[in-house]
Amino acid sequence: MYKRQLKKYSVLRGFVILCVGLLVFCLSPLRAQDSDFVTWNKMKARHDVSSKVELYGDVEMRTRDALDEIDRWGFGVGTSVLLLPFLKAEGGYEYHYRNRGEDGWKSRHRYHAGVSFTLKKRQWTFTLRERFQHTFDGRRADEFRLRTRLKAAYKVTTWSPYVSLEQYHGLGKDEWFHASRFRARGGVEAKLSSSWSADVFYCYQHESNLDRHILGWELIYRF
């Protein structure tokens, strides 16, 4: 029993070292003109319609300028369908109410659709997600993005540390498959009770003119 626990925590320690090394490797060549420290805060509600269909809704608040101002409020709804044991399809809609500084608060809309492939090996879970999203506000040109994310998680009883890497690619006529944004994220997902779970994370986001260092949390209620 002792040897089994020792082996488990040795694997966990190796996973944490791998996550940190991967983040350092990916972030070291990236440089931006400016940086900001922000927070992302989200509450989610999930409901299993059946063993294969799930509905969800969420509300979100983000800050900016070293926590001095609210950047945006968000609301989202969506669904996911388990097509095969390793394949899931998803789709959803988001409404954003954003602080545009001197221009005041502005609204925008976004819908997304995608698929995710999952591989499980003992306590390990690897997920590759491909998501298409379309964002529009009625004033500027529509924004089309393809988001590719690879995530690795290691389950330890009721909590799971994880790391993910995500790349955004533009799909517009003038930016076809241009890498517009990169995210590296590491955190811990924990089951708090039969209905509640939480995700606490740090995320580094790189764009052409701005780096963001993000501390965030998500609180999820399942019913």
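## Strands, salt bridges and a nonpolar patch

Phe-223 sits in the segment after strand 11. Phe-223 is exposed, with a relative accessible area of 52%. Here exposed means over 50% relative accessible area, buried means under 20%, and partly exposed lies in between, with a 1.4 Å probe and protein chains only.

This is a predicted model, in which local features need pLDDT of at least 70, side-chain atom pairs count only at pLDDT 80 or more, and totals for chains, interfaces and linings use all residues. Residues are numbered from 1 along each chain as its sequence is written, and side-chain values use heavy atoms, with hydrogens and water left out.

**Overall build**

The protein chain has 1 helix and 11 strands. Helices (H or I, at least four residues) and strands (E, at least two) are DSSP runs, numbered from the N terminus. The order from the N terminus is α-β-β-β-β-β-β-β-β-β-β-β. Of the 223 residues, 38% count as buried. Among contacts with a separation of 6 or more, 44% link residues 24 or more positions apart. A contact means heavy atoms within 4.5 Å. The accessible surface comes to about 13,500 Å², and 60% of that surface belongs to carbon and sulfur atoms. Such areas come from the Shrake-Rupley method with a 1.4 Å probe; for residues, only the protein chains shown count as cover.

**Strand pairing and turns**

Strands 1 and 2 run antiparallel, joined by 9 bridges. Two strands pair if DSSP finds at least two bridges between them. A hairpin of 4 residues connects strand 1 to strand 2. Lys-42 stands opposite Glu-60 in strand 2.

Strands 2 and 3 are also antiparallel, with 12 bridges. Tyr-56 has Gly-78 in strand 3 as its bridge partner. The hairpin between strands 2 and 3 has 4 residues between the strands, and Asp-65 there takes a positive phi near 50 degrees. Asp-65 lies between strand 2 (53–64) and strand 3 (69–84). Asp-65 is partly exposed at 37% relative accessible area.

Which other residue has a positive phi although it is not a glycine? Thr-157 does, at about 50 degrees. Thr-157 is in the loop between strand 7 (143–154) and strand 8 (159–170). Thr-157 is exposed, with a relative accessible area of 52%.

**Nonpolar core and patch**

In soluble globular proteins, nonpolar side chains tend to be buried together. The largest nonpolar core here has 7 residues: Val-38, Trp-40, Ala-153, Tyr-162, Phe-201, Cys-203 and Ile-214. Strand 1 (35–48) and strand 10 each give two or more residues to this core. A nonpolar core is a set of buried Ala, Val, Leu, Ile, Met, Phe, Trp, Tyr and Cys residues joined through side-chain atoms within 4.5 Å.

The surface also carries a nonpolar patch, with about 1,100 Å² of accessible area together. Its members include Phe-75, Tyr-93, Trp-196, Trp-217 and Phe-223. Strand 3, strand 10 (196–206) and strand 11 (211–222) each give two or more residues to the patch. Patch residues have over 30% relative accessible area and no salt bridge; like charges are joined within 9 Å, and nonpolar side chains (Val, Leu, Ile, Met, Phe, Trp, Tyr) within 5 Å.

Phe-75 belongs to strand 3. Phe-75 is partly exposed, at 41% relative accessibility. Leaving out residues up to four places away in sequence, Phe-75 touches Asp-58, Val-59, Tyr-93, Glu-94 and Tyr-95.

**Salt bridges**

Side chains of opposite charge can pair when their charged atoms come close. How many salt bridges does the whole structure hold? The search finds 20. A salt bridge is a side-chain nitrogen of Lys or Arg within 4 Å of a carboxyl oxygen of Asp or Glu. Three of them are set out here.

| Pair | N to O distance | Relative accessible area |
|---|---|---|
| Arg-46 and Glu-54 | 2.6 Å | Arg-46 18%, Glu-54 11% |
| Arg-62 and Glu-60 | 3.0 Å | Arg-62 13%, Glu-60 9% |
| Arg-212 and Glu-207 | 3.3 Å | Arg-212 21%, Glu-207 18% |

Arg-212 counts as partly exposed, whereas Glu-207 is buried.
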